Amino acid sequence: MRRYTLEAQNIQKSFGGVRAVDQVSFGVRPGEMLALIGPNGAGKSTCFNLLNGHLKPDGGQVKLLGQDITGLAPRRVWKRGVGRTFQITATFGSMTVRENVQLALQSHRGELARIWSPAWRLRGGQADTLLERVGLAGQARRPCSVLAYGDLKRVELAIALANNPRLLLMDEPTAGMAPAERVGLMALVAEIARERGMSVLFTEHDMDVVFGHADRVLVLDRGRLIAEGTPDEVRANALVQEVYLGSGFEPEAEPEPGEEPPAC
Amino acid sequence: MENLLLQALNGLASASSLFLVASGLTVIFGVTRIVNFAHGSLYMLGAYLAFSIVTNLPRGHLGFWGGVVLAALAVGAIGAVLEMLLLRRIYRAPELFQLLATFGVVLVVQDVALLTWGAQDLLGPRAPGLRGSVELLGLRFPLYELVLIGIGPVVLGLLLLLFKRTRWGTLVRAATQDREMVGALGVNQRWLFTSVFFVGSMLAGLAGALQLPRESVNLHMDLSTITEVFVVVVVGGLGSLPGAALAALLIGELHAFGILIFPKITLVLVFLVMAVVLVVRPRGLFGKAQVAQAAVASVAEPVLGRAPPQLKWLGLVALLVAVVAPPYLAGDYALIVLTDMAIAVLFAASLHFIMGPGGMASFGHAAYFGIGAYGAALLTKWFAAPMVPALLAAPFCAGVAGVIFGFFCVRLSGVYSAMLTLAFAQIAWSVAFQWVELTGGDNGVLGVWPDAWATKLHFYWLALGCSVVGTLALRRIALSPFGYALRAQRDNTLRAEAIGINAFEIRWVAFVLAAGFAGVAGGLFAFAKGSVFPTALDIPRSVDALLMVLLGGVQTLAGPVLGALAFTGLHEQLVRATDYWRLVLGGVILLLVLAFPQGLAGAVRQRWEARRRPG
Ligand SMILES: Nc1ncnc2c1ncn2[C@@H]1O[C@H](COP(=O)(O)OP(=O)(O)O)[C@@H](O)[C@H]1O
Ligand SMILES: [Mg+2]
């Protein structure tokens, strides 16, 4: 088996003078849940954008299943098996939940050039299966524009799963949700990842979620990778404690369930 | 050599007046984000008002310059009232809706001017003391033109001072850069917007008033000015004052020298420059991306659904009547109107395809209609082609134009995209207008009659058939995976790219399809009229199509059909009933925009759904 599903080697990106991502290297192992944490502005979202092609790195390399995908357009990265959810939820507001997922499935099957067949006839069953899996079967016929925020996150998840990704990138999948909902969503993601043997790289502010679901944790601070390891190792890391000092992250204390996350 | 100098000076003079009008438009856009179509009408009003005031005041310096200033102030006041009564209510409406509303004002002003000042061109008095000319390097150059050349830079200087040195100017600049900031500053935003409209309109009025000694005042000043000014403002970068100045200079000189070097294609030249600038610098020379793009202006479009069965039956019955009834109708007139309606429906549906599902703003859809019409007409004229092959060639010609123009247009978004479509349409129009050997220019292509087998009734059936099949085909495409992908890139480009959708390709193909269907409508139009004139692809025709789509509503597939029928019917009735149909049409547009910002079909559907779900 391959050692890494995705490998980032010395990737970097600057905006003006700011080094948003500075010589970062890491690998995502097959089937693992890897958390990317760090204070606000650390460069997590930028990192994701470099991985899936929304931004071109100034330097470094990104490899997916051993193949160089550096600088490929997002849609090409997607075609090679990377799904993504956004920090600000992004769905198609003029379509129903089911149509959102159907469209992603149709795109995956290369059916978008079919201008003469009715879309509702294609991939409806598969869309229903996916929606069932993320717990949205009851909402399938509702327009995305009227959905609650937590449900939109699930729609995004279903869309991201449509191309059977080898790797799922989730930028703050639980931001803006109630604490109980968060744990529920991440538990679902972990379960799906296990079923499919899919790797998940996610950023998260809620330490309950991170320590509850991550197999490994990467810590980013001001664009640099400052720590990497199991949740316990990271918790014990002095540098990490320093970075998080005063922002509510207390690695020694067991986080109380239901507690508000650190302000972000 | 002398000739060159003279042309350069002429160019400067027209650049100066172009800048006056453009500066007003660009300042207004910068703050309010409204592209004010009626800005040219304000310019025209400036000229008319100056005529009335100056001719009624005692002759002399005070009479002339006092009249000019009074006219400018009056136009400023009109602009402020316009803002308070109309524009204030539609700041949050979609861009094209705003454009439509201001076009309603254009129509109203046209007829108000006609009622007040009559149809003849008016010749104003010359400026006292500036009637002669001066010797410049052995050349005689009109003194007034020289003064005009000076006024442009002076106004630019004053405006820059106003913006840099006053609190009002600081607020305007802040609002131009970042709209949210004004709200955050706790400023009385309403007052700021109204005052900006006052200043911008006043500049247009001033420019119009200053034309008095140069040329006759007429009812065509509004549209001819607004197109040029659009070019200037877009080339300079919307919202940028120095940009407007530089672009005015560029366009003014281009006109002056274009006449010397390429007398045949001066018009093409201007729009070509605009197209090139937009392709190279999509936001114009000095235009900047907005700092705070309001986080995805998500006016969530409603879900496109299949029509309720009752509506389908209604449509079917209407169609049946449209097929069966005409033979029993008396006279050719009804057939002509019905044929026009059928053509209009297809034209509107094709525009709707890129505007609605595609989310692209086209201000030059008439190009494809007209190219289809010319394609068919020229085939019959030069190759004596029969009707059917000529009709088949129409969508092909329009589609080819769509491939080329669309390649550039679909890369841009919003107002800039709309303006680029306008530029290409004007290029097509200029070719039709100026390439007299091929197209007959203003005299058009005549004698494009249907084959002998096709009576008026047969031709109507043919047009109806093409229209129905075309509209249903567009509908089917809109509901195909391709159509969904098209809507996906409109709803959320980021997400669309992240699920493998190539937004550029999808938009391009959609654009070409829309162009092709518009071409079919154009081909039918050529044979219905028996002739084609440059008006087949001019701005008013593009606006007609926009009106139909926006009246009907962008959000539903039935919208353009209803809109086209309503518009054609209304237009036809109005033209027959009154000489002042523009006034009524403009008034109706304004009322509709204010009452139904969703368009007719949207409103009908809402009522319908509210009735069906009582409580
Ligand atoms: N498009 C951009 N232009 C300029 N600066 C940016 C852009 N995107 C991110 N940044 C900057 O890069 C840094 C990292 O941002 P981001 O990746 O969003 O952090 P995180 O997701 O960890 O909160 C921040 O300083 C941010 O201001
Ligand atoms: Mg982030």
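I started by counting secondary structure in chain A and found nine helices and 10 strands; helices (H or I, at least four residues) and strands (E, at least two) are DSSP runs numbered from the N terminus. This is a predicted model, where local features need pLDDT of at least 70, side-chain atom pairs count only at pLDDT 80 or more, and totals for chains, interfaces and linings use all residues. Residues are numbered from 1 along each chain as its sequence is written, chains are lettered from A and ligands numbered from 1 in the order in which they are written, and side-chain values use heavy atoms, with hydrogens and water left out.

**Overall form of chain A**

I checked the radius of gyration, taken over C-alpha atoms. Chain A has 18 Å, which agrees with the value near 18 Å for a compact globule of 264 residues (the rule is 2.2 Å times the number of residues to the power 0.38). Its C-alpha atoms fill a box of roughly 60 × 40 × 40 Å along the principal axes.

**Two domains in chain A**

I noted domain 1 (1-81 + 167-175 + 199-264) and domain 2 (87-164) of chain A, with bounds from an automatic or database domain assignment. Their centres, taken over C-alpha atoms, are 27 Å apart. Nine residues of domain 1 are in contact with 10 residues of domain 2 (heavy atoms within 4.5 Å). Together the domains bury about 800 Å², 54% of it on carbon and sulfur atoms; buried area is the accessible area (1.4 Å probe) that two parts lose on being put together, summed over both. I see that A:Trp78, A:Leu168 and A:Ala175 supply 55% of the area that domain 1 buries against domain 2, more than any other three residues.

I looked for salt bridges between the domains and got zero (side-chain nitrogen of Lys or Arg within 4 Å of a carboxyl oxygen of Asp or Glu).

**Chain B against chain A**

Next I turned to the contact between the chains, which takes 29 residues from chain B and 34 residues from chain A. The buried area here is about 2800 Å², and carbon and sulfur atoms give 64% of it. B:Pro481, B:Arg495 and B:Ile499 supply 25% of what chain B buries against chain A, more than any other three residues.

This time the salt-bridge rule finds two. I looked up B:Glu497 with A:Arg75, where the closest N and O atoms of the salt bridge are 3.6 Å apart. On chain B's side, helices H18 (456-478), H19 (481-491) and H20 (493-498) each supply at least two residues. The largest share, eight residues, comes from H19(B).
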